[in-house]
Number of protein chains: 2
Amino acid sequence: MAAQSGTVERILDTAEVLFAQKGFAETSLRAITSKAGVNLAAVNYHFGSKEALIQAIFERFLAPFCTELGERITQMVDDGEPVDLERLLRLISRTALGAHGSDPQRLALFFRLCGLAYTQAQGHLRRFIRERYGDVFNRFLAMLASAAPDVPPMELFWRVHFGLGATVFAMSSMDSLRAICKSDFDADLSAADVTQRLLPFIVGGIRA
Amino acid sequence: MAAQSGTVERILDTAEVLFAQKGFAETSLRAITSKAGVNLAAVNYHFGSKEALIQAIFERFLAPFCTELGERITQMVDDGEPVDLERLLRLISRTALGAHGSDPQRLALFFRLCGLAYTQAQGHLRRFIRERYGDVFNRFLAMLASAAPDVPPMELFWRVHFGLGATVFAMSSMDSLRAICKSDFDADLSAADVTQRLLPFIVGGIRA
DNA sequence: ATATGTTTCAAACGTATGTTTGGGCGGACG
DNA sequence: CGTCCGCCCAAACATACGTTTGAAACATAT
């Protein structure tokens, strides 16, 4: 339970960066531990396995985000304000940022990991996330539904996931896209700039 | 050069399915060759390496698609018809379908591979595709620009990639999303149904 | 029928991986 | 002081991987 000398944190910090850069299977425990400056056996000692390490990384990201999102949603419901599509999306985006020290770089990293989780190795991670945090996500979806009453529920379901896909993909290939953008348009956009462009796209898509 | 007994095709057919299911790094040559019913050494004999096999798979997909797309674009330009955003997107979707025997299943598989190519192992594949088929893609982008003259070029660049992301993601997780949709809404959508829902979303997003 | 070039095969090679082991260090507590 | 327990370490382990090899099987053409 204890984290006396910070070994656990150092592993998590290093691993999430390396995983985001190269993928899960392509990143070896040796690469992680050597870059983190800890012993190879530390991962298996503290986490049990490589799979468990991956889940721990997602846990560290999702736990604060989901609790905070849950609170904000209940508060929004209690207030009884009329829910607005654009506000809702900004809410989730602000929550995602706020839950991790307002570091856009780290948020992009997280979405990149999500992208990997969705595309790679269909199995354990999807189950893990859905089991653990499915409730909050469903509540948010319900809010969305009441915010776009003119869109039929099933239609909304698909459009939300299309938007999620656009987000995940944009974050995943953020770096290369920004490089292309710079060479083609001579514009050096930040991660926050990209997010700002992403939101209207999603809103436009959901409204059809 | 010859493909006498269909070994090459059998490898390609099997490999593209397995890669799409589990990713590139997670699929071993032994899994491919044993399922394809050919000898392990066949891949290295016919393709040279695992990397070259992956590129060959994309080549087989992209070559017919890009030549046909190129033809249709020049024809469209020659005709001098006014280009329309929705028509353009339908054109590329129809071309993608037409280039592979009108099999939606196979098209979804291809997009899933594209998703993997974008997220996984940043390196060789992106270069390979960009080098080989960048021209056609750029011509299509130029058409898009003239079809949406009210959207600034850089804005359009990002929105196109957001749309690409939505597409790739939708195709990548097509199966699981369809399963969720069936259990939540009791609606058994086909891959074509999903595509039909995807297009308006992208159009709406690009138009903002 | 013989020779030639191509394709297939079983087996092995070298390497990298995730995981396990057993010992050693150091603070906590009786 | 001695014992215990959590943590760290170098080393080894077993396995899976991509690739290579050399010979056998095959087709083709002279």
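Visitor: Before anything else, what does contact mean here?
Guide: In this predicted model, two residues are counted as touching through their heavy atoms, and the cut-off for contact is within 4.5 Å.

Visitor: With which residues is B:H161 in contact, leaving aside its neighbours within four places in sequence?
Guide: B:H161 is found in helix α8 of chain B, which covers residues 153–172. Once its neighbours within four places in sequence are left aside, the residues in contact with B:H161 are A:F169 and A:L177.

Visitor: Why does B:H161 count as buried, and which backbone oxygen does its side chain reach?
Guide: A residue is buried when its relative accessible area is under 20%, and B:H161 counts as buried because its relative accessibility is 5%. As for the side chain of B:H161, at 3.0 Å it reaches the backbone oxygen of B:F157.

Visitor: How many residues of each chain are in contact, and what is the area buried between chain A and chain B?
Guide: Counting by residues, 46 of chain A are in contact with 45 of chain B. On the side of chain A, the residues that lose the most area to chain B are A:W158, A:F162 and A:F201, together giving 19% of what that side buries. Carbon and sulfur atoms give 74% of the area buried between the two chains, which is about 4,200 Å².

Visitor: Which element gives the most to the side of chain A that touches chain B?
Guide: Several helices of chain A give two or more residues to that side, among them α1 (7–22), α7 (124–147) and α8 (153–172). With 15 residues, the element that gives the most is α8(A).

Visitor: How do the residues of that side of chain A divide into nonpolar, polar and charged?
Guide: The residues of chain A's side that touches chain B include nine charged and twelve polar ones. The nonpolar residues there number 25.

Notes: Residues numbered from 1 in each chain as written. Chains lettered and ligands numbered in written order. Predicted model: local features only at pLDDT ≥ 70, side-chain atom pairs only at ≥ 80, totals over all residues. Heavy atoms only, no water. Buried area = accessible area lost by both parts, 1.4 Å probe. Helix = DSSP H or I, 4+ residues; strand = E, 2+ residues; numbered from the N terminus. Nonpolar A, V, L, I, M, F, W, Y, C, P; charged D, E, K, R; others polar. Buried < 20%, exposed > 50% of the residue type's maximum accessible area, 1.4 Å probe, protein only. Polar contact = N/O pair within 3.5 Å; in protein donor to acceptor, adjacent residues only side chain to side chain.
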